[in-house]
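Dear colleague,

I am passing on the structure below, together with some notes on what turned up in it. Please read them with the structure open beside you.

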Amino acid sequence: MGDDTESETDLNEIERLDKAHVFGTWSFQNEVRPRQVVGAEGNRFETADGEEYLDFSGQLMCSNLGHSADRVADAMAEQAREGAYFAPGYTTENRARLGEKLAEVTPGSLSKTFFSTSGTEAVEAAIKIARMYTGNHKIVSRYRSYHGATYGSISVTGDPRRLMAEPGIPGAIKAPDPYAYGSTMDPMESLEYIDEMLMLEGDTVAAVLVEPVVGSNGILVPPPEYLPRLKEIAHDHGALLICDEVMSGFGRTGEWFASDLFDVTPDIMTMAKGLSGAYAPLGGTIVTDEVAAHFEDEMFCHGHTYAGHPVACAAGLAAIETYESEGLIDRADEVGRYLGDRLEELQETHPSVGETRGVGLFRGIELTKRADERVPFGERKDKISTGTTVVDEVAARAGDRGVYVANMINTLIIAPPLSITREEIDEAVDALDHALDHADESMEGTP
Ligand code: PMP
């Protein structure tokens, strides 16, 4: 528990107002300490107390374009002036062209998008579409996953954030993960288990829902054969494959989408975060021609007031044009390899680094409290908290050295803007190098 009196005195007026009147997300409210941001440029942001941070996690793994994407800001302002909002029955050039663009950059025959305002809503739509399309209601997802905060999406989420929402929606079934480092089950073996699960469910599953590269639950990249085989298994049992690319999409992995790494076209793909480079709340659920065709003479029973909001769509289109014009997807692949090499050096010098893993600019550092034994620092603060004090402290110490890095479940999550430079990577790795000393000192057997 934080010391309220002490932490309150170093809040400025805005931070105090915010703490009093705005909920902090996923937190004990007495521990929330909002920091006021007063500016941002490139890959850095500045807080009211004069501190500047290099953004090594793109905020919540979403600021893929950094903080100076003028083309996106201008497109939003222009659309807001032309007409900020029209009901979804009207369209705008930005919305139509964004739909067309997504059909172009997503794999295979994915071609028709339902727009919403968040990753959570994108997943909710995917669940409903799969249910309407198949006539089945069950969703198989995996334990090490996060799919959103509302009742449907939190029910299909596997990580501890789901526990407070239980029992959740009916038919949300969890499967094992492709987690070679920390699980007793081999990733390919876990697939055969899923095959059996679907059979035992009597082929009544609407969809298998996965993050093709797992994000907040530890940056898990499955073997190359995993996703193609999973799609085959799902289809063999009459289920669709939904790839949740909310975090992994838009260049994060060095490809447009993580599904591209595995040459797989899912039946439904969800997206948000990088879709607008985090300039506007925008989510999308894109389906294949085949799934889209189903709704020609069946009602598409879904919608929101802000489905396809003109200003958000303007941001989405301008964001994709920026990825293209600045060659950011290829850049993520190239600079990402450098990042991977630099992180491996940390593993060599810090016994508390159990594994560094990932692809492109989507990387994780998992800690261990016993060298060479893969034992997480497991002192969770409560049953739904996903942090541990050691990894929190490592992130805080990186912050003291001017580098913002997110963390979850014993793992530092590294997902900088795709515009990050090699020099900035060196700067951040240097801060992590110092911060990780704390984890080394916290290992079992350390005096
Ligand atoms: N799916 C995945 C894979 C995510 O990482 C997230 C958010 N971290 C969500 C869904 C939910 O997105 P949002 O927070 O925008 O609702």
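In the sheet, strand β3 pairs in the parallel sense with strand β13 (residues 403–404) over two bridges, where strands are DSSP runs of E of at least two residues, helices are DSSP runs of H or I of at least four residues, and both are numbered from the N terminus. Two strands are said to pair if DSSP finds at least two bridges between them. Across this pairing L54 stands opposite V403 in β13, and the bridge partner of D55 in β13 is Y404.

Before going further, please note that this is a predicted model, in which local features need pLDDT of at least 70 and side-chain atom pairs count only at pLDDT 80 or more, while totals for chains, interfaces and linings use all residues. Residues are numbered from 1 along each chain as its sequence is written.

Strand β3 (residues 52–55) also pairs with strand β2 (residues 44–47), here in the antiparallel sense and over three bridges, with F45 opposite Y53 in β3. These two strands form a hairpin with four residues between them, and G50 in the turn has a positive phi of about 90 degrees. The whole is an open sheet of four strands in the order β1-β2-β3-β13, with mixed pairing; its edge strands are β1 (37–41) and β13, each of which pairs on one side only.

Turning to the helices, the axes of α8 (residues 187–200) and α9 (residues 226–236) come within 10 Å and cross at roughly 10 degrees, the axes being lines fitted to C-alpha atoms over the stretch in contact, with angles running from 0 to 180 degrees between N-to-C directions. That makes α8 roughly parallel to α9, a label given to angles under 35 degrees. The contact (C-beta atoms, placed from the backbone, within 7 Å) is made by residues including L191, I194 and L198 of α8 and L230 and I233 of α9.

As for the ligand, S118, G119, T120, V246 and M247 come nearest of the 14 residues around it, a residue being near if its C-beta atom, placed from the backbone, lies within 6 Å. Helix α6 gives the most to this shell, with three residues.

Helix α6 (residues 119–134) is also the place of K128, which counts as partly exposed because it has 17 C-beta neighbours inside 10 Å (20 or more other C-beta atoms within 10 Å would be buried and 12 or fewer exposed, with C-beta atoms placed from the backbone).

With best wishes

Terms used:
Parallel < 35°, antiparallel > 145°, perpendicular 65-115°, else oblique. Contact = placed C-beta atoms within 7 Å.
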